[in-house]
Amino acid sequence: MSTPPPLLSRQLHYVCGKGGVGKSVVACALARALVRQGERVLLAQVSAPDSHGPLLGVGVVNAEVREAEPGLFVVDIDPHAAMKEYALLTLKFEALYRTVFENRLTKAFLRFVPSMNELTMQGKIWWHAVEHHYSRIVVDCPSTGHGIKLLRTAQVIADAAPVGPLAEKTKKMAELVRDPTRTAVHIVTLPEELPVNEAHDLVAEVTRTGVAPLGYAVVNQVLGPLFDDQARAALTAVRAHTHDDVALAHLLDVAERRVEREQHERTQRARARDLGLPVIELPYLLQPRLARADIERLASVLQEGA
Amino acid sequence: MEVLERPVDDDARRALRGHVGQRTVLVVTGSGGVGKTTNAAALGLFGARLGRRTLVITIDPARRLANALGLTALSHVPQRIDGALADAGAPPLTGDLFAMMLDIKAAWDDMLRRTAPNEETAKKILENRFYATLSRDLPGAHEFIACECLHHLASSGDWDLVVLDTPPTSNALDFLEAPARILAVLDNDAFRYFAQRKQSLGLRFLDASIVQGAAGRAQSVLARFTGAEVLEELGDFIVLLRDLYEPLTRRTRELQQMLRGEGTRFLVVTSPAPPALAEARLLLTELERRGLPLGALLVNRVTPTAGRAVGLLAEEHWERHLERAGVAPAAAARLAAVLDEAVRQQEKVARVEQASVAELLERHTHGAPLVRIPRLADAVHDAKRLVELLPWLGDLPAA
């Protein structure tokens, strides 16, 4: 068995994780890291409120693919727009499309066809991967459950409808997503108990279903240690002698809180390493809103870690 | 910026105190790991402190509520817990405090006895083997019975205040829709067909000599496969359930009215961590969409600003405080640098949290009170922790 090529040399990168762990930040930083290596990158968000635009400082990201800067293309894959595009391709006429798809009943029906949204989004990603000359595609997945659903769609449809024109395409899609030489699913998490639990669940599910090859575990917002053994010992010693120095007692409270948090973080980082994936840790930048300069900093960490 | 060194009696805490003192039902929601159960228990304690006969219900089979109350276990029967709390140093109560853990099977049995048109019907259903499967395995069965139980207890007249600790699911409000979903199953055409057939004709369900045609043949093949008794019993069960449809529909409507009414408030518990805030945002949106009244947003485990420590670090040669406390000058300088950085970073973390919470508040709470609770020193999961929480929830000693 040949070893799969290094992770960043794969073509298709899915960035998955629970809501709020910083998937968008990681997806943007990863896209920038790849552009720096000279790749031609498509960064896709999937029907999300535009977070990539503000993070990268490249203006509004919408359903039209746009070269935001040399080598970096951005798009928001909207299932309705993607479905319309696909239907138009098949039906050829706008008027016919309207008669069929803008019909109230059809709309209601399409909404309830399971996985239709995911399939059209996945189809669009596949179309970008195959028809266009992007050397890398980074997909910022929806939160956990949906992220996996998106990955599985093609396989589910291919299994359910083994013949016909749709089957041919979905089978190829599923092959691409499953191919360890071309695809990697990166799991983003935080150094906290529940997000790490979720990451373990996610890895277990991806492994169990074999839906796609796993890539990196990215531990976001790592504060890192300030207190070494010596500093901790000194703290304990000082605590015994603060007596009526109220300000100093308060300072020690801050320090103890910090030591406790560092301990917790150490435990959770160790648990993240137990995921069995190569781990990249990103520093906590301590800012309410990240901007382009922060993304560049994180892109450098990703490049070094990879 | 609020320092969060000690609780103050601000508008938000006064509003929360008003809910605890006046509403009949408080539904505590939030994602897992934010301290929802602990806060639900503390609110119950607060209710009893305000002189109310209070019941805290949990649906979560993990023993979180029992642990939070300093008990080893809770049962389906409301259990008086004043004593255990007083032993743990809780301030005196003028009301009563009870807690229970919903036992799904017992709750279903209770509900059937209450709802069935007569004792005989109830007995028949309880003995039917499909009943056990339905009440245990049907999706939404747990949520259905939790709602039913909440409604029953809150309208029983036995309690001034019922605090419900909802299970930590990804969509905690889903359980409110469970009754409608279960009723939809009962109202299903197939159910109706079998029920009417059996009732109107007064036939044995499997009388193949009379039930002719394809349906009859299918049934007799099935009967050979499963045994005639099994199908007979299923038929009976469906007919029995039809008797419950009307009362359950009425009660579901009453429950919906109760949840939207003046007596009920929903409390959303979150932490300032981005994943918890993301879930709180969804919960708030869902509450609004369903027209359910939000009472307050509780942000638990807030990082306090470094407060007085900042003032100390601003002093010239402040490391002398360390030397006075017995640290050698060289070590004091090193420790001072680390402490300085720790304070600086805590200030930043506090600001980041404040900004993310402010954003949530601005967009989603429409002026509902925001109650901030600091990350209390060590997370003791017992009654002492509840007592520590009380002043943060608005239970302040009279000035």
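Modeller: A crossing is called left-handed if the near helix is turned anticlockwise from the far one by less than a right angle, and right-handed if clockwise. In this predicted model, helix α5 of chain B passes α8(B) in a left-handed crossing. Helix α5(B) covers residues 104-115 and helix α8(B) residues 141-154. The two pack at an angle of about 60°, and their axes lie 10 Å apart. Angles from 65 to 115 degrees count as roughly perpendicular and those under 35 as roughly parallel; α5(B) and α8(B) are therefore oblique to each other.

Next, the residues at the crossing. From α5(B) come B:Ile104, B:Ala107, B:Trp108 and B:Met111. They meet B:His142, B:Ile145, B:Glu148 and B:Cys149 of α8(B). An α-helix has 3.6 residues a turn, so residues three or four places apart point the same way. By kind, the residues of the contact of α5(B) with α8(B) divide into six nonpolar, one polar and one charged.

For context, there is also a contact between chains. In it, 28 residues of chain A touch 34 residues of chain B. On the chain A side, the elements giving two or more residues are α9 (193-209), α10 (229-239) and α11 (246-273). Helix α11(A) gives the most, with eight residues. That side of chain A holds 17 nonpolar, six polar and five charged residues.

Note on methods
Residues numbered from 1 in each chain as written. Chains lettered and ligands numbered in written order. Predicted model: local features only at pLDDT ≥ 70, side-chain atom pairs only at ≥ 80, totals over all residues. Contact = placed C-beta atoms within 7 Å. Helix = DSSP H or I, 4+ residues; strand = E, 2+ residues; numbered from the N terminus. Nonpolar A, V, L, I, M, F, W, Y, C, P; charged D, E, K, R; others polar. Axes fitted to C-alpha atoms, helices over the stretch in contact; angles between N-to-C directions. Parallel < 35°, antiparallel > 145°, perpendicular 65-115°, else oblique.
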